[in-house]
Amino acid sequence: MRKNSLFFLGAAAGACLTFLVTAPQGSVSMAVAKAAAGAEAYSQLNLFGEVFERVRTDYVEKPDDTKLMEGAINGMVTALDPHSRYMNESAWRDMQETTHGEFGGLGLEVTMEDGLVKVVTPMDDTPAAKAGIMSGDLITRIDDDAVQGLTLEQAVNKMKGPVDTKTRLKIIRNGAELPNEISLVREIIRVRPVRYHTDGGDIGYIRISSFNEQTTDALRKAISDISKQIPPEKLAGYVVDLRNNPGGLLDQAVSVSSTFMARGEVVSTRGRTPEETQRFTARGGDLTKGKPLVVLINGGSASASEIVAGALYDHKRATLIGTRSFGKGSVQTIIPLGTGNGALALTTARYFTPSGHSIQAQGIKPDIEVLQDVPAALKGRAELKGEASMRGHLSAEGAEQTGSQSYVPPAEKDDKALGAAYNLLRGVTVNADVPSSPKTAIPN
């Protein structure tokens, strides 16, 4: 069983068949097949070695051996699925800084799509968010350099720099006629994964924007502070906002779920073989003491966010409001490769909700769907395509689903999903189509 740290960064689901060969003839056949497969692999490695040497000796300019090998490794890994990738030492160090919750830059969660940098989400209260960059935007140029042809790590490094220095990004936004050029000033990015306040003296609102090493501690503090501000007899419940949260650390998703659940399974991960199956259960007890809970999700809620939403939904612990989630259902194991060699983020397992449902390329459907009123200027990009649209994604179990609306109004008074959550907690009917019978609980 792997002991490496698990990160939720990406996609997957599908049937996995296991054959048990018991007859002697079957064992011999299996051994011969393995030997043949091994011989073929070594033959391909010989081909790679020949190409490598040809490039080193005959290319028009003397190439850098390190860059050649990194390019070859990246090509192999990125051909697997959209979320497996190799990180050199610099990129590996940057990822560690990000999960610790403080780093320098613009405050963007990004991925690569068709050779361009695609914005997953801007982080709250960062230069990117303040400049109006939105989920789904494509970055085509960084200062005077085209993004096409760069790796994701190279593009990210170009966006980094000393604090208080400027950089220019050229943005293509779906529905916009011309690319926009935005000037930003770099800052130290201190990720605040949890923000909270009270509403109307009877509801606690908690926004979780990412799952890093600080998330669970910050959540516990939020619940403690809210319970001090609102007496138990007046507290109608909590709204947990997971919209446009791209995910993060698996252990934080489990501990966040545990904060709202007294007991029960949170998520299971299933790898290539049955021996690799792991189950993660709630621990620590429900700090909200069973108070009603509404969870907000949308097309930008991915990975670890979907774990939390799926667990609370399956255990009848929360009502989900919003739009269908992203559908990112695979585990990336971070495998350090030794001093100076960086690390490998490799898709090693699929994850399943407590009821056994895989949300890969399907997402989680809310109990109550609420669509926002999107400004006319943004109507062309209000929808995220979701995991099912990503090239090379792992297939779903059943029909794949498209993405959904990801727009969240900047002003709370215009936020229809949040308003529906407040109304539900206060006993106001928000959707006549919602079944009155409770969901069937899964066994604990």
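Mentor: The charged end of Arg270 sits over the ring of Phe352, 3.8 Å from its centre. A charge sits over a ring if NZ of Lys or CZ of Arg is within 6 Å of the ring centre and within 35 degrees of the ring normal. Likewise, the charged end of Arg426 lies over the ring of Tyr422, 5.4 Å from its centre.

Trainee: Before we go on, what sort of model is this?

Mentor: It is a predicted model, in which local features need pLDDT of at least 70 and side-chain atom pairs count only at pLDDT 80 or more, while totals for chains, interfaces and linings use all residues. Residues are numbered from 1 along each chain as its sequence is written, and side-chain values use heavy atoms, with hydrogens and water left out.

Trainee: How many salt bridges are there?

Mentor: The count comes to 20 salt bridges, each being a side-chain nitrogen of Lys or Arg within 4 Å of a carboxyl oxygen of Asp or Glu. One of them joins Arg207 to Asp241, with the closest N and O atoms 4.0 Å apart.

Trainee: Which parts does that pair tie together?

Mentor: Arg207 lies in strand E12 and Asp241 in strand E13 (residues 237–241), so the pair ties together parts that are 34 residues apart in sequence. Strands (E, at least two residues) and helices (H or I, at least four) are DSSP runs, numbered from the N terminus.

Trainee: Are Arg207 and Asp241 buried or exposed?

Mentor: Both Arg207 and Asp241 are buried. Buried means under 20% relative accessible area, exposed over 50%, and partly exposed in between (1.4 Å probe, protein chains only).

Trainee: What about Asp373 and Lys416?

Mentor: Asp373 forms a salt bridge with Lys416, the closest N and O atoms being 3.7 Å apart. Asp373 lies in the loop between strand E21 (368–369) and helix H9 (416–425) and Lys416 in helix H9, so this pair ties together parts 43 residues apart in sequence. Asp373 is exposed, with a relative accessible area of 57%, whereas Lys416 is partly exposed at 38%.

Trainee: Changing topic, how many aromatic pairs are there?

Mentor: The count comes to one aromatic pair. Phe48 and Phe52 are stacked, at 6.2 Å centre to centre with 20 degrees between the planes. Rings of Phe, Tyr and Trp (its six-membered ring) pair if their centres lie within 6.5 Å; planes under 30 degrees apart count as stacked, over 60 as edge-to-face and the rest as tilted.

Trainee: How are Phe48 and Phe52 separated in helix H1?

Mentor: Being four residues apart in helix H1 (residues 24–58), Phe48 and Phe52 are separated by about one helical turn.
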